[in-house]
Structure formats: structure tokens, C-alpha cells
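The following exercises are to be worked with the sequence and the 3D structure at hand. Each task is followed by a solution in steps.

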Amino acid sequence: MYLAAHGRPDAPPRTPGAGRRVPSVVLALGTVSLVTDVSSEMVTAVLPLYLVLDLGLTPLQFGFLDGMFNGATALVRLLGGRLADRRGRHKRVAGAGYLLSALSRLGLLLAGGATAGIAAALAADRLGKGIRTAPRDALISLSGPPEALGRSFGVHRAMDTTGALLGPLAAFAVLWATADAYDAVFAVSFCAGLLGVLLLVLYVPAAATAVPGPARPPRTAALRDPVFRRVLYAAALLGATTVGDAFLYLLLLRGLDLPPALFALLPLGAAAVYLLLAVPAGRFADRSGRRPAFLLGHGALLCAYAVLLAPVSWPTVIAVLALLGIFYAGTDGVLMALAAPALPAQGRAGGLALLQTGQALARLLGAAGFGAVWTLWGQRPALWAAVLALTGALVAASRILPAAPPTTPEAP
């Protein structure tokens with residue numbers, strides 16, 4: 001039916017007026033994410049300085065505190081999705097996650113430099129982020145027509161990234177105004193986090209979460225769908241051949257022999273490109289197909305790896321950061337838009353949580369593998385291995401991914 005109507009097997013049918021306006025729920029959730037990301041990135045930007053320079057923790061201790069909860073975050077997404085699908089409690093579960101992250105800033109403020117208190121606050125932040133992600137994305141996917149999901153996710157991700165860019169600027173502005181008072185940063189971050197929760201309560205309608213279906217959706221509902229399984233397998237395969245961004249930034253830093261202080265600025269370049277392209281990439285995915293958009297996004301990442309095989313120069317830096325931004329614009333929200341129509345409404349959050357968890361764990365394995373190859377044989381062989389692995393994964397994923405998205409399944 002899709003092919004007959006539009007000549008493209010992976011472009012869903014359009015309804016009159018669809019996609020012209022972004023649903024108000026998406027704009028509300030984008031505002032919540034923007035404010036929340038300002039809050040979280042304020043802390044992320046100053047936390048290494050606070051822990052290492054102010055409290056005297058060693059880099060090893062900081063790395064342990066910062067990384068010990070990341071794997072748990074991926075797994076907590078499954079719990080958040082499962083809870084949200086019970087009687088359509090997407091808003092409640094997402095709100096609980098946002099509130100937990102906001103309270104974690106208060107925990108940092110009250111910890112008084114105690115390592116145990118700081119660890120507990122970081123754990124609360126990671127748990128809150130893990131709990132809210134899938135219910136939030138399920139709300140976005142349920143708020144508008146399936147044929148406009150790419151644009152909806154693009155708008156949300158653009159607003160989310162805006163907050164991520166503003167957060168560090170706000171943090172250092174507070175530090176400058178208060179003569180390096182880290183407690184002031186935590187206090188402002190806590191207030192911003194509470195504002196995000198308030199915006200969710202006031203402007204995300206409860207009616208958007210009223211999804212018909214059984215109180216306890218079957219655990220394997222998503223995995224029983226062959227289309228969703230193919231999206232999951234392709235995303236995990238591509239994730240396992242993805243090198244962590246930090247490795248790419250480190251290669252750029254070493255290639256130009258730049259001071260380590262510039263390391264924190266490199267992600268801002270990729271984030272700026274992502275911000276500019278998130279909405280156009282979503283609209284392109286809706287018009288031309290989410291499958292090719294998702295594959296093209298990974299093609300941009302492959303080009304970034306290839307560029308790094310040449311001698312590093314300033315044009316190399318610009319090209320790699322631009323390609324990274326294109327990669328995220330073409331894959332992050334597009335993957336959610338690609339998978340969501342294959343999932344029943346009453347199991348949407350759980351299915352998206354499973355997809356996000358599978359991709360996150362696969363990327364963790366990919367980053368660990370790249371680091372191991374780099375340690376054993378050096379950075380150039382590791383880059384060649386990454387190029388070859390991602391090339392093979394792209395060829396395989398092009399065959400695994402479904403050629404046409406299904407319509408949204410009916411609730412049983």
C-alpha cells in the first residue's frame with residue numbers, strides 16, 4: 001500500500017495536514033527536557049572540578065564515582081518502561097524520574113563533601129534519568145500521527161540539546177558571580193530541576209497517558225513482533241561497532257597536541273551541529289523513510305572514523321565534529337520514530353526501553369573493544385578495525401532493518 005501510494009516502500013502514508021504542527025505535548029516535553037538538561041549539565045560541567053580540585057579526590061576515585069552507575073542506568077530503563085505501561089502511567093513515571101534527578105542536586109548540596117553522600121546523589125541522578133527516558137519517548141510517540149514521528153522526535157531532541165549547551169554556560173556564570181561557590185551551582189541546579197518537574201505537572205496533559213489495554217502488558221509483547229526484533233537487532237549490531245565519543249575527542253586532542261583543558265569544549269561543537277540538524281533530519285526521515293535516514297546517520301559516523309585515519313589538522317577537527325552531529329541527528333530520535341509504530345500503545349514504553357537498553361549495552365561493549373584494541377596494537381589499527389567493523393555492520397543492518405514501517409498495532 002505504501003509503495004503504491006508514494007513510490008517508496010518505507011515512507012508511511014500521510015494524512016491531510018499531518019506533520020504541519022508539532023503536537024503541544026511534544027513542545028511541553030521539549031521544554032521540560034530543556035530546563036532539566038540545563039540543571040543536569042550545570043552539575044556535569046563543574047563536578048570534575050569540585051571533586052578533584054576542591055575535595056581532593058584522585059582521578060581514579062572520580063572515574064569510579066562517575067562511571068559505576070552508567071550500566072545500572074541502562075537496566076533501570078527497563079523498570080521505568082515496565083511501570084509506565086501499567087495502565088498508561090507514562091506521565092507519573094516520567095515525573096518520578098525527573099523529580100529524583102532534581103532531588104539529587106539537593107543531595108550534592110547536603111553531602112558536605114562526604115564521598116558516600118556524593119555517591120548516593122550521583123546514583124539518584126542516574127536512576128532518575130534511566131526511569132524517565134522510555135516513558136517520555138513513549139509519550140512523544142503517542143502524541144501525534146505516526147507519519148510525523150520523525151519531526152516530533154527531532155523537535156524534542158533539538159530542545160533537549162539546547163539545554164545541554166546552556167547548562168555549562170549557566171554553571172560557569174554562577175561560579176564567576178559567586179567567586180567559585182560550588183554550593184551555589186548545586187542550589188541553582190536544584191531550582192532548575194524542580195522547575196522542570198513543575199512544567200511537566202502543569203503542561204503535559206494526563207489525558208495523553210490514558211492508553212487502553214491490560215493493566216499488565218505481557219513481558220514479551222515487543223519481542224514477539226518480528227519488525228521490532230529486526231530494528232532491535234540492527235540497532236544493537238550498529239551500537240556494538242560504535243566507538244565512544246570520548247575516544248574520538250581524545251584522538252583529535254592528541255593529533256593536534258592541544259591542552260587538556262580544551263577537551264571539554266569539543267563535545268559542544270558536535271552538540272551545536274546536532275541542534276541545527278535534529279529537526280531537518282526528522283522531517284527528512286518522515287518524508288524519505290526512517291530506515292535510510294538511520295543508515296545514513298551511521299554512514300556519517302563511518303566517514304568520521306575514516307577522516308581520523310588521515311593526519312589530524314583543524315579541518316579534520318571541524319569535519320569530525322560536524323559528522324558526529326550529523327550522526328546523532330540522523331539516529332537518536334529517528335530510531336525511536338522507526339521502532340515506535342511496531343509497538344502496541346499499551347506496551348510502547350517497555351518496548352522502547354528494551355531498545356534503548358540493548359543499544360546502550362552494545363555501545364558499552366563497542367567502546368570497551370575499541371579501547372582494548374587501542375591498548376594492544378595502537379590507535380591506528382584500532383581505527384582501521386572500527387572502520388571495517390562499522391562497514392560490515394552497515395551492510396548487515398541494511399538487510400536486517402524492515403523495508404517499510406508498519407501501522408500502529410491495535411490494542412488487544
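**Exercise 1. Identify the polar partner of arginine 157 and describe the surroundings of arginine 157.**

Step 1. A polar contact of 3.3 Å joins the side chains of arginine 157 and aspartate 332; a polar contact is a pair of N or O atoms within 3.5 Å, where, within protein, one must be able to donate a hydrogen and the other to accept it, and residues adjacent in sequence count only if both atoms are side-chain atoms. The model is predicted, local features need pLDDT of at least 70, side-chain atom pairs count only at pLDDT 80 or more, and totals for chains, interfaces and linings use all residues. Residues are numbered from 1 along each chain as its sequence is written, and side-chain values use heavy atoms, with hydrogens and water left out.

Step 2. Arginine 157 belongs to helix α7, residues 149-177. Helices (H or I, at least four residues) and strands (E, at least two) are DSSP runs, numbered from the N terminus.

Step 3. With a relative accessible area of 6%, arginine 157 is buried (buried means under 20% relative accessible area, exposed over 50%, partly exposed in between, with a 1.4 Å probe and protein chains only).

Step 4. Not counting residues up to four places away in sequence, arginine 157 touches Arg136, Asp137, Ile140, Tyr274, Ala278, Asp332, Gly333 and Met336; contact means heavy atoms within 4.5 Å.

**Exercise 2. State which residues line the largest cavity, and which helices supply them.**

Step 1. Rolling a probe the size of a water molecule over the atoms shows where empty space is left. On a 1 Å grid over the protein atoms alone, a cavity is a set of points where a 1.4 Å probe fits but cannot get out, and lining residues have an atom within 4 Å of a point.

Step 2. The count comes to one cavity of 30 Å³ or more. The largest cavity holds about 40 Å³ of space, the volume being the space filled by probe spheres set on the points, with grid points joined across faces, edges and corners.

Step 3. Arg157 is one of the lining residues, together with Gly150, Phe153, Gly154, Tyr274, Ala278, Gly282, Tyr328, Ala329, Gly333 and Val334.

Step 4. At least two residues of this lining come from each of α7, α11 (266-288) and α13.

**Exercise 3. Determine how the buried residues of α9 are arranged, and what covers them.**

Step 1. Helix α9 (residues 226-240) has 15 residues, which should span 21 Å at 1.5 Å a residue; its end C-alpha atoms are 21 Å apart, in agreement. The expected span is 1.5 Å times one less than the number of residues.

Step 2. The buried residues in α9 are Phe228, Val231, Leu232, Ala234, Ala235, Leu238 and Gly239. Seen down the axis of α9, they fall within an arc of 170°, so they line one face of the helix; the arc is that of the directions from the helix axis to the C-beta atoms.

Step 3. The cover over these residues includes α12 (290-308), α13 (314-339), α14 (348-377) and α15 (379-400).

Step 4. At the start of α9, a side-chain oxygen of aspartate 225 comes to within 2.9 Å of the backbone nitrogen of valine 227.

**Exercise 4. Describe threonine 242, in the loop between α9 and α10 (245-256).**

Step 1. Threonine 242 counts as buried, at 6% relative accessibility.

Step 2. The side chain of threonine 242 reaches the backbone oxygen of leucine 238 at 2.7 Å.

Step 3. Leaving aside neighbours within four places in sequence, the contacts of threonine 242 are Leu301, Tyr305, Arg363, Gly366 and Ala367.

Step 4. Threonine 242 and leucine 390 are 148 residues apart in sequence, yet 7.1 Å apart in space, C-alpha to C-alpha.

Notes. On a 1 Å grid over the protein atoms alone, a cavity is a set of points where a 1.4 Å probe fits but cannot get out, and a pocket is an open set with protein on both sides within 12 Å along at least five of seven lines; lining residues have an atom within 4 Å of a point.
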